[in-house]
Amino acid sequence: MINQYKFEDGPELRDLFITVDDPESHITAIETFITYRVVTKTTRGEFDSSEYEVRRRYQDFLWLKSKLEEAHPTLIIPPLPEKFIMKGMVERFSDEFIETRRKALHKFLNRIADHPTLTFNEDFKIFLTAQAWELSSHKKQGPGLLSRMGQTVRAVASSVRGAVKNRPEMFTEMNNYMETFSQKINLLDKIAHRIYKEEKDYFNEMKEYGPIHTLWSASEEDIADSLKGVASCIEHCCRATEKRMAGLSEHLLPILHEYVLYSEILMGVLKRRDQIQGELDSKVDALANKKTEKDLFSEEIGKLEDKVERANNALKADWDRWKQNMHWDMRSTFTNVAENNLRYYEECLATWESFLTSQRVDLHVDEDSEDRP
């Protein structure tokens with residue numbers, strides 16, 4: 001089947017293709033929510049079919065993310081868009097908001113599909129293939145309330161122990177890097193939103209400015225053509241500005257905000273690694289203070305040492321992969337913005353130059369013009 005089945009929309013090495021589309025509103029007596037169609041095409045042997053189509057709501061994506069974090073605490077799980085949107089941006093359930101979320105959910109699933117480890121997670125497979133009632137039944141098989149409370153208590157207890165004593169230098173450098181990265185990416189995100197807002201204000205003013213010249217031309221016969229030409233130039237630049245705004249909202253803003261969320265995720269991953277390290281450190285300290293039960297403690301310490309080593313290796317590999325992807329995303333995003341800006345200014349400049357050229361007239365001034373009244 002692998003030899004016969006090919007996908008036209010991706011490289012031959014890929015064997016899992018996911019599309020999130022067709023948002024659909026659902027209104028009940030209790031709540032209003034949106035579901036999205038998730039279409040999966042694959043040639044993997046562990047799947048019973050080559051194509052699946054299911055519908056998922058945002059809560060299902062949250063469940064998948066939590067299961068991935070539970071199964072792989074020191075891997076970098078891709079971020080989901082926030083459940084609530086920032087005030088002043090777009091209204092919930094508006095077409096703009098739904099489309100923005102759809103794109104983010106599509107990217108979330110495809111980043112998991114491209115990950116060398118997460119792509120083979122069993123819960124991920126169930127998410128892609130199970131019908132709604134099957135997924136609901138599977139969710140109920142998760143850890144109970146007391147188990148989740150126990151995990152939370154251990155995490156809190158571990159986090160208040162203080163700095164990890166034996167943290168390898170590599171992870172200290174990672175932590176310092178992420179603190180700096182978080183500050184810079186948050187600042188870039190704020191600046192980008194401010195630029196977009198200023199561009200939108202400029203666009204709205206320019207939309208009103210063009211018709212004013214058209215109305216003015218009706219009362220000025222001598223310069224009517226010139227005024228109409230100015231109005232046409234403004235209208236042309238207005239369309240170019242709208243196109244540039246679309247580029248910012250579709251390419252720059254989502255990428256920057258995705259990496260704002262990534263910075264939070266990575267800080268959480270580093271904390272979970274430190275919690276595993278802290279658990280090992282506490283057992284080593286307990287062994288040093290105990291006269292008895294040394295064999296039992298030694299066995300536990302051996303298991304924890306293996307756990308720490310696995311966590312460290314997983315994070316190291318994912319860290320290098322994440323940084324490579326981040327550098328590529330940032331380079332391509334800012335290059336795209338620069339190229340769009342260049343095209344925008346060249347287009348506006350050409351529009352005004354063409355108009356000004358058409359307005360040139362030859363002025364013939366008589367030599368005795370100064371003597372005339």
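Two strands are taken to pair if DSSP finds at least two bridges between them. In this predicted model, strand β1, spanning residues 16-27, and strand β2, spanning residues 32-42, meet that condition with 10 bridges in the antiparallel sense. The two strands form a hairpin, and 4 residues lie between β1 and β2. Within this pairing, F17 has K41 of β2 as its bridge partner. In a regular strand, the side chains alternate between the two faces of the sheet.

Helix α7 covers residues 224-289 and includes K283. The relative accessible area of K283 is 25%, and the residue is therefore classed as partly exposed. A separation of 18 residues in sequence lies between K283 and I301, whereas their C-alpha atoms are 6.4 Å apart in space.

The cysteines were examined for covalent links. A disulfide is a covalent bond between the sulfur atoms of two cysteines. The search of the whole structure returned 0 disulfides. For C233, the closest cysteine sulfur belongs to C237 and is 6.6 Å away, which is too far for a bond, since a disulfide requires a pair of cysteine sulfur atoms within 2.5 Å.

Notes
Residues are numbered from 1 along each chain as its sequence is written. This is a predicted model: local features need pLDDT of at least 70, side-chain atom pairs count only at pLDDT 80 or more; totals for chains, interfaces and linings use all residues. Side-chain values use heavy atoms; hydrogens and water are left out. Buried means under 20% relative accessible area, exposed over 50%, partly exposed in between (1.4 Å probe, protein chains only).
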